[in-house]
Amino acid sequence: AGDPHPHIDTPSEMDLRRITERRGPVVLDLYLAVHHLVLETLPDLRYAVDAVDGQIGYDARQFGYDGWGMAALAPFTKWVTLGFLRGALLNDPDRILEGSGRLVRHVKIRSLEELEARRDGIRRLLGAAASINE
């Protein structure tokens with residue numbers, strides 16, 4: 001039997017569109033916009049996408065079971081979530097992180113306007129997460 005969740009390393013935008021198009025154009029545009037923000041902020045980041053559910057792992061497989069890299073982007077029906085695997089350790093002066101897990105925190109983004117309003121805070125979180133995970 002094959003891998004039920006095969007991954008594509010460094011997927012193209014066409015790969016990402018194909019995998020997530022069933023979520024609808026609003027979520028697809030938001031998903032791609034957040035992905036571009038991540039890569040614009042941290043251009044050397046390695047990433048892979050789950051070819052079934054569309055979740056992108058950033059710096060994937062760097063830390064094994066302890067954390068699947070530093071962050072993950074997941075598309076849902078009406079929003080996208082940018083999760084930080086060590087989010088509880090991050091300084092969040094903009095107070096945009098949600099969640100109560102031992103380590104994981106996330107930013108839920110529901111529109112391009114919300115993404116724009118949170119852009120600087122998300123960039124700060126990405127920089128902090130990258131420095132924790134070096």
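**Strands, sheet and core, question by question**

Me: V80, L82 and F84 point one way from β5 and T81 and G83 point the other way, and all are buried. What makes a residue buried here?

Reply: Buried means under 20% relative accessible area, with over 50% called exposed and anything in between partly exposed (1.4 Å probe, protein chains only). Five of the five residues of β5 are buried, so the strand is largely enclosed by the rest of the structure. As for the two directions, side chains in a regular strand alternate between the two faces of the sheet.

Me: What kind of model is this, and which pLDDT values does it need?

Reply: It's a predicted model: local features need pLDDT of at least 70 and side-chain atom pairs count only at pLDDT 80 or more, while totals for chains, interfaces and linings use all residues. Residues are numbered from 1 along each chain as its sequence is written, and side-chain values use heavy atoms, with hydrogens and water left out.

Me: How many helices and strands are there?

Reply: Three helices and six strands. Here a helix is a DSSP run of H or I with at least four residues, a strand is a run of E with at least two, and both are numbered from the N terminus. Along the sequence the pattern reads β-α-α-β-β-β-β-β-α.

Me: How do you know that β4 and β5 pair?

Reply: Two strands pair if DSSP finds at least two bridges between them. Five bridges join β4 to β5, and these strands run antiparallel, so the pair meets that cut-off. A71 stands opposite F84 in β5. The two strands form a hairpin with four residues between them.

Me: And what joins β5 to β6?

Reply: Five bridges, again with the strands running antiparallel; β5 spans residues 80–84. V80 has I109 as its bridge partner in β6, and G83 stands opposite H106. Strand β6 (residues 105–109) has four of its five residues buried, so it too is largely enclosed by the rest of the structure.

Me: What about β2: which residues cover its faces?

Reply: Y47 and V49 on one side, A48 and D50 on the other, and all of them are buried. Three bridges join β1 (residues 7–9) to β2, with H7 partnered by D50 and D9 by A48. Three bridges also join β2 to β3 (residues 56–58), where A48 stands opposite G57. β2 and β3 form a hairpin with five residues between them, and G54 in the turn has a positive phi of about 80°.

Me: In what order do the strands form the sheet?

Reply: The six strands make an open sheet in the order β1-β2-β3-β4-β5-β6, with antiparallel pairing. Why do β1 and β6 count as edges? Each has a single partner strand, so one side of each is left without a neighbour in the sheet. Neighbouring strands are turned by 20° against each other on average, direction ignored. Helix α3 (residues 112–132) packs on this sheet, touching β5 and β6, and its direction makes about 160° with that of β6.

Me: Why is α2 called roughly parallel to α3?

Reply: The two pack at an angle of about 30°, with axes 10 Å apart. Axes are lines fitted to C-alpha atoms, for helices over the stretch in contact, and angles run from 0 to 180 degrees between N-to-C directions. Under 35 degrees counts as roughly parallel, over 145 as roughly antiparallel, 65 to 115 as roughly perpendicular and the rest as oblique. That makes α2 roughly parallel to α3.

Me: Which residues make the contact between α2 and α3?

Reply: From α2 they include L30, A33, V34 and L37, and from α3 they include L115, I122 and L126. Contact means heavy atoms within 4.5 Å.

Me: What makes the largest nonpolar core a core, and how many residues does it have?

Reply: A nonpolar core is a set of buried Ala, Val, Leu, Ile, Met, Phe, Trp, Tyr and Cys residues joined through side-chain atoms within 4.5 Å. The largest one here has 34 residues, and those with the most contacts inside it are Y58, L82, F84 and I122. α2 (25–41) is among the elements that give two or more residues to this core, and α2 gives the most, with nine residues. I122 touches L37, L82, I96, V107, I109 and L115, leaving aside residues up to four places away in sequence.

Me: How much of the chain is buried?

Reply: Buried residues make up 48% of the 134 residues in the protein chain.
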